[in-house]
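Reader: I would like a close look at one helix pair and its surroundings. Please keep it brisk, and keep to what the model shows.

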Amino acid sequence: LRMLQSEGLVTFHPNRGAAVRSLTMVEIADMYELRCRLEAMASECAATRGTDKQLAGLAEAAADFAAEADQLTTRDASAVRSISHLNDIFHLRLIEAAHNDRLLQTLVRTVDHPLVFQSFVHFTQEELQRSALFHSLIAEAVGQHEPARAGRLTHEHINQGKDRLIREIQRAGSVSAFYHGATPPAGKPRSSAAS
């Protein structure tokens with residue numbers, strides 16, 4: 001708890017204990033901008049440092065995410081957890097291929113996984129497939145050892161997730177309402193982004 005407090009994620013209240021600190025819209029935008037820049041750097045490093053095995057694993061993770069995205073038509077929590085987990089695998093493999101431990105540690109602390117999960121709840125099927133396409137394009141650029149292209153694609157991919165998330169928070173009326181009342185718009189299947 002002390003570590004989470006030092007990272008600004010938890011606040012302590014006298015005689016009441018600890019509580020998760022609410023994020024503001026500005027903090028969410030800043031967090032995503034930081035993630036964009038850091039993960040773009042990770043993609044660039046992966047394109048020059050990744051082993052053949054890691055690049056193959058990245059391509060496999062992109063394909064697994066795409067296959068799940070094509071089949072995701074339900075609104076239940078297990079389906080969202082599944083696609084969110086496959087998204088995590090893709091991004092973790094990308095970061096691992098960068099061979100930069102400090103960058104990995106910084107990114108792990110930067111990504112707000114509950115926020116990413118909640119954004120997946122609201123993705124339409126079209127947005128989910130676009131996310132899958134970006135995963136594929138990023139894996140291809142990294143696999144072809146094109147660092148600048150991989151970095152640009154990663155930056156745009158994460159920015160698109162941020163834009164979708166912010167639109168949904170604005171629709172909910174507040175960050176708190178978004179977290180506590182996350183239900184997808186009528187007629188839209190639950191799915192993916194932050195990432």
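**The H4–H6 contact and its surroundings**

Author: Start with the residues that touch. From H4, the contact takes in Ala77, Val80, Arg81, Ile83, Ser84, Asn87 and Asp88. Facing them in H6 are His113, Val116, Phe117, Phe120 and Val121. Sorted by class, this contact holds 7 nonpolar, 3 polar and 2 charged residues. Keep in mind that the model is predicted.

Now the geometry. Two packed helices are described by the angle between their axes and the distance between those axes. H4 covers residues 77-96 and H6 covers residues 113-122. Their packing angle is about 125 degrees, and the axes lie 10 Å apart. H4 is therefore oblique to H6. The crossing of the two helices is right-handed.

Next, the core. In soluble globular proteins, nonpolar side chains tend to be buried together. Here the largest nonpolar core has 24 residues. Ile28, Phe65 and Leu115 touch the most other members. Both H4 and H6 give two or more residues to this core. So do H2 (25-49), H3 (52-71), H7 (125-143), H8 (147-172) and H9 (175-180). Take Ile28 as a case. Beyond its neighbours within four places in sequence, Ile28 contacts Leu23, Leu115, Leu165, Ile169 and Val175. There is also a second, separate core of 15 residues. Among its members are Leu58, Leu94, Ala150 and Leu153.

Move on to Cys45. This residue sits in helix H2. Its relative accessibility is 11%, so Cys45 counts as buried. Setting aside residues up to four places away in sequence, Cys45 touches Gly50, Ala97 and Ala98. Ile95 is 50 residues from Cys45 along the chain, yet their C-alpha atoms are separated by 8.6 Å.

His99 lies in the loop between H4 and helix H5 (101-110). Its phi is near 55 degrees, a positive value in a residue other than glycine. With a relative accessible area of 41%, His99 is partly exposed.

His145 is in the loop between H7 and H8. This residue is not a glycine, but its phi is positive, about 55 degrees. His145 has 45% relative accessibility, so it counts as partly exposed.

Key. Residues numbered from 1 in each chain as written. Predicted model: local features only at pLDDT ≥ 70, side-chain atom pairs only at ≥ 80, totals over all residues. Heavy atoms only, no water. Axes fitted to C-alpha atoms, helices over the stretch in contact; angles between N-to-C directions. Helix = DSSP H or I, 4+ residues; strand = E, 2+ residues; numbered from the N terminus. Parallel < 35°, antiparallel > 145°, perpendicular 65-115°, else oblique. Left-handed = near helix turned anticlockwise from the far one by under 90°. Contact = heavy atoms within 4.5 Å. Nonpolar A, V, L, I, M, F, W, Y, C, P; charged D, E, K, R; others polar. Core = buried A, V, L, I, M, F, W, Y, C linked by side-chain atoms within 4.5 Å. Buried < 20%, exposed > 50% of the residue type's maximum accessible area, 1.4 Å probe, protein only.
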